[in-house]
Amino acid sequence: MTAPKEAGDSVQSKSLAYKDKSKPTDVRQSNINAAKAVCDAIRTSLGPRGMDKMIQSGNGEVIITNDGATILKQINVIHPAAKMLVELSRAQDVEAGDGTTSVVVIAGALLDAAQKLLSRGVHPTVISDSFQIAAVHALKILNDIATPVELSNRLQLIKSASTALNSKVVSQQSSQLAPLAVDAVLKVVEPGRESACNLSDIKVLKQLGGTVEDTELINGLVFPQKLANVSGPKRIEKAKIGLIQFCISPPKTDMDHNIIVSDYAAMDRVLKEERAYILNIVKQIKKAGCNVLLVQKSILRDAISDLAIHFLDKIKCMVIKDIEREDIEFVCKTLSCRPIASLDHFLADNLVSADLVEEVGVGGNRMVRVTGIQNPGRTITLLVRGSNKLVLEEAERSLHDALCVIRCLVRKQALIAGGGAPETELALKLTDVANKQLEGIDSICLKAYATALEIIPFTLAENAGLNPIQTVTELRNRHAKGEISAGINVRKGCISDILEENVVQPLLVTTSALSFATETVRSILKIDDIINTFT
């Protein structure tokens with residue numbers, strides 16, 4: 001026999017069922033609002049007239065930047081959906097290196113469009129599928145309006161790098177930095193293997209002092225530390241360079257062992273043995289004909305002792321110590337050498353030649369420069385200068401974006417106009433597709449997707465102090481007349497042919513931004529519950 005239910009129980013179960021039914025909608029709204037909040041936080045930093053953000057970390061360190069990926073990396077985000085937009089920006093940074101703000105702004109606009117469709121009773125799965133169809137059409141349209149570019153056309157590549165730099169804090173120096181970025185990437189690209197272009201072959205060194213204009217490209221190797229020698233040579237021509245991974249210092253016992261010396265005679269014997277041990281290594285170095293010694297940083301003991309430096313000074317051998325473990329690969333690739341792991345392998349065959357190794361003063365600091373390497377690898381060093389730490393770090397971030405833009409062009413050799421022109425063209429063409437090829441809900445969703453893309457020209461106009469509604473309406477009108485490259489000219493505050501203004505960007509930046517933004521929005525729309533597994 002079942003126990004009789006109390007009157008309150010049925011009411012309680014009904015209310016639970018009701019609450020359960022509304023929960024997916026509430027969760028979806030919460031996710032969309034959190035993601036839109038992240039988008040609104042960085043929307044003002046889009047474009048050449050975008051504002052900068054000053055970020056203060058817990059330890060009091062200050063960063064000034066308008067790079068979307070950097071801002072979002074520093075923001076402490078708690079909501080899981082908002083974290084998805086931070087990851088989205090990071091994914092764009094890895095894939096294209098530029099467009100990290102645009103991708104988040106597009107995702108925010110698409111979520112806003114989805115929210116309006118959800119309020120009209122459209123099912124989230126239908127919206128998700130329609131957005132996917134729209135993204136496929138959008139990528140096809142972008143490929144059609146793109147202009148092919150040759151890697152030999154240096155001027156065209158410089159225009160793309162300048163566009164990436166014009167929206168940064170260092171925009172005043174874009175005419176100096178853009179050619180450096182282009183030359184650096186073209187130096188490391190292997191003909192026939194353009195898709196394997198790797199930016200780790202470009203070493204970016206930061207040096208405080210001077211101005212951003214003093215940034216230079218060095219065809220060789222630069223070590224940011226001074227020489228270890230006390231009275232040794234500071235400049236060596238026709239250098240024979242050896243890179244060692246063993247230590248030139250007395251060997252130590254294991255951690256848990258001790259040596260007890262009871263009398264002075266034993267102490268003298270220990271010191272004598274140490275001296276003989278080091279002298280043997282130095283003799284081997286001299287025998288091989290090495291006059292520049294690179295020593296890897298050691299963790300357990302000194303990489304090179306004072307006594308060893310004294311002996312190396314006597315044989316006139318230049319010593320550069322404490323080369324970081326992660327830099328060894330770059331040094332080996334630049335010099336086309338192999339690191340020598342033991343004294344037995346320290347032979348003349350394992351040394352490499354260079355025309356000149358010298359210690360130079362840069363901005364009040366000393367550094368060692370190696371030039372005229374005999375068989376140089378496809379690597380290059382970029383020495384960035386800046387008057388203070390904040391400018392220096394932002395210059396490095398800006399140069400990274402410019403290098404990534406050129407890498408995008410190397411991988412996919414096609415350009416499109418900037419200034420909101422491709423997004424306006426997409427909005428027009430996608431609306432046309434929705435009217436002619438689709439019907440019903442799909443058509444409504446596709447139109448919503450098309451309208452959402454106008455957020456880019458709208459935000460560019462807004463950040464430039466123009467009337468956004470008037471500007472976007474005029475832009476739409478010009479595109480309807482067939483002016484594909486009409487975009488917002490931020491400098492003149494009007495709409496003009498953006499290609500004539502040399503505002504161009506790689507096709508890969510826009511295609512990856514659209515693909516990633518659509519993918520993230522689809523993921524957020526499919527979520528109907530958040531389950532916490534905190535113990």
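Which residues does Thr65 touch, not counting residues up to four places away in sequence? The legend to Figure 1 takes up this question; the model shown in every figure is predicted.

Figure 1. Thr65 touches Asp52, Lys53, Ile55, Thr70, Ile71, Glu394 and Arg397, when residues up to four places away in sequence are not counted. The relative accessible area of Thr65 is 0%, so this residue is buried. Met54 is eleven residues from Thr65 in sequence, and the two C-alpha atoms are 6.7 Å apart in space.

**Figure 2. Helix α5, residues 124-145**. With 22 residues at 1.5 Å a residue, α5 should span 32 Å, and the 31 Å between its end C-alpha atoms agrees with this. The buried residues of the helix are Pro124, Ile127, Ser128, Ser130, Phe131, Ala134, Ala135, Ala138, Ile141, Leu142 and Ile145. Viewed down the axis of α5, these buried residues fall within an arc of 160°, so they line one face of the helix. Lys140 and Asp144 are exposed on the other side of α5. An α-helix has 3.6 residues a turn, so residues three or four places apart point the same way.

**Figure 3. Ile441 and its contacts**. Ile441 belongs to helix α13 (residues 441-452). Its relative accessible area is 39%, so Ile441 is partly exposed. Once neighbours within four places in sequence are left aside, Ile441 is in contact with Val122 and Val126. Ile441 and Ser130 are 311 residues apart along the chain, while their C-alpha atoms are separated by 8.4 Å. Ser130 is among the buried residues of α5.

**Figure 4. The largest nonpolar core, with 68 residues**. The members that touch the most other members are Val104, Leu110, Ile127, Phe131, Tyr449 and Leu514. Helix α4 (residues 100-119) gives the most to this core, contributing twelve residues. Val104 is in contact with Val38, Cys39, Ile42, Leu72, Leu85, Leu88 and Ser89, leaving aside its neighbours within four places in sequence. Another core, of 34 residues, lies apart from the largest one; among its members are Leu165, Ala181, Ala402 and Val504. In soluble globular proteins, nonpolar side chains tend to be buried together.

**Figure 5. The largest pocket and its lining**. The space in this pocket amounts to about 960 Å³. The lining has 50 residues, and those closest to the centre of the pocket are Gly47, Pro48, Thr163, Ser167 and Val503. Two or more lining residues come from each of α4, α6 (154-166), α7 (174-188), α11 (389-411), α14 (455-463), β14 (486-489), β16 (504-506) and α16 (507-526). The largest share of the lining, eight residues, is supplied by α6.

**Figure 6. Arg120, in the loop between α4 and α5**. Arg120 counts as exposed because its relative accessibility is 61%, and the cut-off for this class is over 50%. Ala464 is 344 residues away from Arg120 in sequence, and the C-alpha to C-alpha distance between the two is 34 Å.

Figure 7. Ile328, Phe330, Val331, Cys332, Thr334 and Leu335 are the buried residues of α10. Because six of its eight residues are buried, α10 is largely enclosed by the rest of the structure. Although Ser336 is not a glycine, its phi is positive, at about 55°. Ser336 counts as partly exposed because its relative accessibility is 43%.

**Figure 8. Lys238 in strand β7 (residues 235-244)**. Lys238 is not a glycine, yet its phi is positive, at about 50°. Most residues other than glycine have a negative phi. Is Lys238 buried or exposed? The relative accessible area of Lys238 is 72%, so the residue is exposed.

Note on methods. Residues are numbered from 1 along each chain as its sequence is written. This is a predicted model: local features need pLDDT of at least 70, side-chain atom pairs count only at pLDDT 80 or more; totals for chains, interfaces and linings use all residues. Side-chain values use heavy atoms; hydrogens and water are left out. Helices (H or I, at least four residues) and strands (E, at least two) are DSSP runs, numbered from the N terminus. The expected span of a helix is 1.5 Å times one less than its number of residues. Buried means under 20% relative accessible area, exposed over 50%, partly exposed in between (1.4 Å probe, protein chains only). The arc is that of the directions from the helix axis to the C-beta atoms. A nonpolar core is a set of buried Ala, Val, Leu, Ile, Met, Phe, Trp, Tyr and Cys residues joined through side-chain atoms within 4.5 Å. Contact means heavy atoms within 4.5 Å. On a 1 Å grid over the protein atoms alone, a cavity is a set of points where a 1.4 Å probe fits but cannot get out, and a pocket is an open set with protein on both sides within 12 Å along at least five of seven lines; lining residues have an atom within 4 Å of a point. Grid points are joined across faces, edges and corners, and a volume is the space filled by probe spheres set on the points.
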